[in-house]
Amino acid sequence: MSKLWSGRFAASGAALLDEFNASLPFDQKLYEEDIKGSIAHATMLAKQGILTQEEADQIATGLLQIKQEIEAGTFVFDIAHEDIHMSVETRLIDLIGEAGKRLHTARSRNDQVAVDFRLYVQKQNIVIVRVLEEVIDVLMNIAKEHTNTLLPGMTHLQHAQPINLAFHLLAYVSMFKRDIERIESSYQRNNVLPLGCAALAGTPHNIDREYVAKLLGFDSVSVNCLDTVSDRDFALEILFNISTIMMHVSRFAEELILWSSYEFKFVTLSDEYSTGSSIMPQKKNPDVPELLRGKTGRVNGNLISLLTVLKGLPLAYNKDMQEDKEGVFDSVETVYMSLNILKEAVRTMTINVGRMKQACEMGHLSATDLADYLVQKCNIPFREAHFITGRAVAHAESLGIDLSVMSVPELQKVDARIGEDVSQYLSLVHSMNARTSQGGTAVTSTCKQIEIFETWMKARK
């Protein structure tokens, strides 16, 4: 089969070259973007008098027929056509003849693939934002029900201070909010039209790039054609953004794995999103969060792969850049599935409020409150208060009790300056609600955070 670019060649390429060179097996995913970009290009060419209106209409009709054939599964993808661009153009010429041969005027596959891939990435940015919003909605709904649910806050995976479950979940809301803001910033920065740059240096044809940008929904056109045809920053950005999202997902997944274990029992994952063991009938495995944790390494690898491909390329386009798409396609599909299944696993899990409260009664979570009490009520310098509190914790350990329930007489054995009112300050609820500073875990502060996030979400509607 003669290739559309084969005029300079005396011999046909080897079959092995066809297989090695082709991107069609994966870039056929870009058919919709390719057809959309080609219709806009033909429309502009007609507007500028480079094509007749009849030719542009024939091209648009033919391209829409090809779109229908692809979506109906009747289109024949032939690897000899190399990529989605040549596949569509070859079929277009078969359908409409001479007019189809005029479509590629004033463009190159270099700017064609750049616009197709950019359109795909921009569309996926919007899709990912939508599913992130759905995850946030689920977390917010749970948070609003659990502003008073005690939970041990931890550092170093050791009991630290009492917090409430809503406060903990809002930490992840904060992360996913940043993810949305990061994606939207990337979308805005990269919403620039590549088409019209041709191979690398522009075109002598009297084209109107601003008109094409308007047709395709871009905010502006690129400034430098040499940069534009080799620019894959937009692909790197979506890969980085997805890696960051999945890092946040993985952290949450790790906590769900811990929380659903017998050692914690803070949550029970639903049977819908759990699996069993092939040998141990009692097992209920947290495979969903484990897979979420594992898939994070996969998307990180896709980011590093593209960074490595691009790092040594001279300007402008190089065939190495054909390796830019598979990792993006994979990461997009991975994050989409991951966020959706995380949303459902969290929505359907059971929260064991009593077990969370019981865990707060271990580990002397109100120790910092005793130190603060000594500073505020007894006028003791913090370093001395810290030492006294350490002795009080050691005494509680010797008695086999938690500091939060230690009697006043026992505390006064540690330091006689401790007053009769100390017990109220060691209460776990008091400890949690004492942290009223902006961003703190007190119920009043947590409710303000919920209000802030709700206001932000409503402004996006």
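Leu-200 has a relative accessible area of 39%, so this residue counts as partly exposed. Here buried means under 20% relative accessible area, exposed over 50%, and partly exposed in between, with a 1.4 Å probe and protein chains only. This is a predicted model, where local features need pLDDT of at least 70 and side-chain atom pairs count only at pLDDT 80 or more, while totals for chains, interfaces and linings use all residues. Residues are numbered from 1 along each chain as its sequence is written, and side-chain values use heavy atoms, with hydrogens and water left out.

Where is Leu-200 found? Leu-200 lies in the loop between strand 3 (192-193) and helix 9 (209-216). Helices (H or I, at least four residues) and strands (E, at least two) are DSSP runs, numbered from the N terminus.

Next, helix 13. Of its 24 residues, 18 are buried, so helix 13 is largely enclosed by the rest of the structure.

Now the whole chain. The protein chain has 20 helices and six strands. Its radius of gyration is 31 Å, well over the 23 Å that the globule rule gives for 461 residues, so the chain is more spread out than a compact globule. That radius is taken over C-alpha atoms, and the rule is 2.2 Å times the number of residues to the power 0.38. The C-alpha atoms fill a box of roughly 100 × 50 × 40 Å, taken along the principal axes. Buried residues make up 51% of the 461 residues.
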